[in-house]
Amino acid sequence: MAKYADVYNDWKSDPGAFWMEAAEEIDWVSAPTTAFDGDAGVYGRWFPDGVCNTAYNCLDRHVEAGRGEDTALIYDSPITGKKKSYSFAELTDEVAAFAGILEAKGVEKGDRVIVYMPMVPEAAIAMLACARIGAIHSVVFGGFAPHELATRINDAKPKLMVSASCGIEPNRVIPYKPMLDAAIEQSVHKPDACIILQREDVTAELGARDHDWAALVAEAKAEGVTAAPEPMAATDPLYILYTSGTTGQPKGVVRDTGGHMVALKWSMEHVYAVKPGDTFWAASDVGWVVGHSYIVYAPLLQGCATIVFEGKPVGTPDAGVFWRVIEEHKVAALFTAPTAFRAIKKEDPNAELLENYDTSSLRTLFLAGERADPDTIQWAERKLDVPVIDNWWQTETGWPITANPRGIETLPVKYGSSTVPMPGYEIHILDEGGHEVGAPSTLGAVCIKLPLPPGCLPTLWGNDDRFRNSYLNHFPGYYETSDAGMIDEDGYLHIMARTDDIINVAGHRLSTGGMEEVLSGHQAVAECAVLGTFCDLKGQKPLGLIVLKSGVTEAPEDIEKACVKLVREEIGAVAALKHILVVQRLPKTRSGKILRATIRKIADGEPWKMPATIDDPVILDEITEVLKARGLVQHDLQPSA
Ligand code: COA
Ligand code: AMP
């Protein structure tokens, strides 16, 4: 059996040959003759002369190979009580029909389509239908508010939008249509048409530009309307996925067609160790990169059955729902964020509900999206009795940068480490000056030597300059991940923290800069700071501090509440900013930089040092008092000498 080190060295000694061999796993309209063109694009492009179609590889090819009756997609919705299963043949028909509908509505190759939907199979159908005709989808997570959606509409300029009448959260039904309308109202760009999936809980009122999903599909099927897979250049964009940057303007991560398939297919075999016919379950949301890669594209490329799960790890109906889904659908690999397991552990610490289910089909649990704390990994290992594999990556890369390559060799687990780099990724730990830190286990900026492997972003949508400025310019010759970490003496990577203003709340990537922009917009707020503090459930939670303008007469607690509401309205419930405190002043350096890291340490009860550059040390005492009075200090520690 191959060893990880051999596979990694194979890649390193001849990256082009390595990826050309991996590319043989894809059905090409015209196979690439070159792996990589270093002169194309910002840092080069993969498979420059390959021609292919992603939807064809996810669906038709399996039908043509005689697997049409095998299960492709399972919709399991404990929140509505609904379940439905599609075979590869059925899913191909649904996608081809919806692709025909898109074409009939004037959507052409290269046009953008925004998908703003809850976790229903139609979300995946819409994505695959876009892929079939070469339209570029941009899925926006349902927890984002109209303003966030409007920002994405203005940037992506969609010809058409696909949405649903509502999403369903455990404590409420969320009508989507009013949010969609509000977003279009706010945006400068207007789509030509919207297709709305009506759900039982809420019926949306349809306006002049709106069309009913079910009616269109019924009509298309009656008339035999379908669309054939469009031959796409491997370098054509498949989708744009917006992710948080350091400002309120999200970054439109572009994914290409050919390299994406090659990388995902490779990862299913070598990282996730699943075979055609296995059930692969990524308990995430199609609005995030995990959902794009491992709910929709990778499992279907690999010929696995994928699960679209509309529910939560707890409360729908209980902390046993993951075990129920594993048993019922014979899940071979589960992929989720550590938060989900922390939620289950909190609710059912001894995993008593597990005793009601047979989870013997499960071979591996994969965790990603945020730091996997050793307690959670060990708890899952003990309870499930399968390897628990941490893997580290980003929206930008689309597939794991570091992982334990379960399909090659399961390396010894080191708690707190996401294990080793996958082929394609040469990781360097650099100091501020861009030099190698040198000694093992020395903290620095985690950077990837260019070029990035297939599957990673070639650029940001319509903005090569922002791509260069955000990722490539700081450390010439490298992609800057904005994560800080270290590589130990065994070559294992340990991710420690973000180096920018991004925080990670329940595996959701959020911009504190974006939240600060919203708070600054409140008429009573003079200045503000938002930072991520420790949360035993969600990993991090945001905390906002605001200083009021002089002369403001409104009660501070009313302004705090109004600010919480404002962030929820502008960014969305997903921001989860529940604590905003009025303070007299913000601690700053003499050059005016707000000392967010020190405030975070105070709130987290970590030892902290008085920064040498602080302008007025007394302010930190004031902040400490306010945090303590509000019960927002985790432990009571004093500054260390
Ligand atoms: N549409 C609308 N609102 C949404 C939403 C969606 N798709 N997803 C979340 N929200 C809302 C929630 O209802 C919640 O609202 P509230 O403040 O009124 O309660 C808010 O956004 C924050 O959501 P979340 O941070 O997810 O907290 P939660 O308390 O609802 O759930 C967990 C906590 C741990 C159960 C949940 O985060 C979870 O299942 N996480 C698993 C990890 C995961 O899926 N990560 C994604 C990347 S891999
Ligand atoms: P996203 O783009 O939403 O996938 O978020 C990517 C960021 O989440 C990374 O840059 C890390 O900061 C964090 N992250 C993702 N996976 C891990 C992991 N396995 N360990 C530590 N941090 C992670």
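This is a predicted model: local features need pLDDT of at least 70, side-chain atom pairs count only at pLDDT 80 or more; totals for chains, interfaces and linings use all residues.

Two strands are taken to pair if DSSP finds at least two bridges between them. On that basis, strand β27 (residues 502-505) and strand β28 (residues 508-511) are joined by 4 bridges and run antiparallel.

**The hairpin**
- Ile502 has Ser511 in β28 as its bridge partner.
- With 2 residues between them, β27 and β28 form a hairpin, and Ala506, which lies in the turn, has a positive phi of about 55 degrees.

**The open sheet**
- An open sheet is formed by 7 strands in the order β5-β4-β17-β16-β18-β19-β20, and the pairing within this sheet is mixed.
- Because β5 (82-87) and β20 (388-390) stand at the edges with a single partner strand each, one side of each is left without a neighbour in the sheet.
- From one strand to the next, the twist averages 20 degrees.

- Helix α4 (residues 88-104) lies across β4 (71-77) and β5, and runs at about 95 degrees to β5.
- Helix α10 (residues 289-301) also packs on the sheet, where α10 touches β4, β16 (279-282), β17 (305-309) and β18 (331-336); the direction of α10 makes about 150 degrees with that of β17.

Terms used
Residues are numbered from 1 along each chain as its sequence is written. Chains are lettered from A and ligands numbered from 1 in the order in which they are written. Side-chain values use heavy atoms; hydrogens and water are left out. Axes are lines fitted to C-alpha atoms, for helices over the stretch in contact, and angles run from 0 to 180 degrees between N-to-C directions. Contact means heavy atoms within 4.5 Å.
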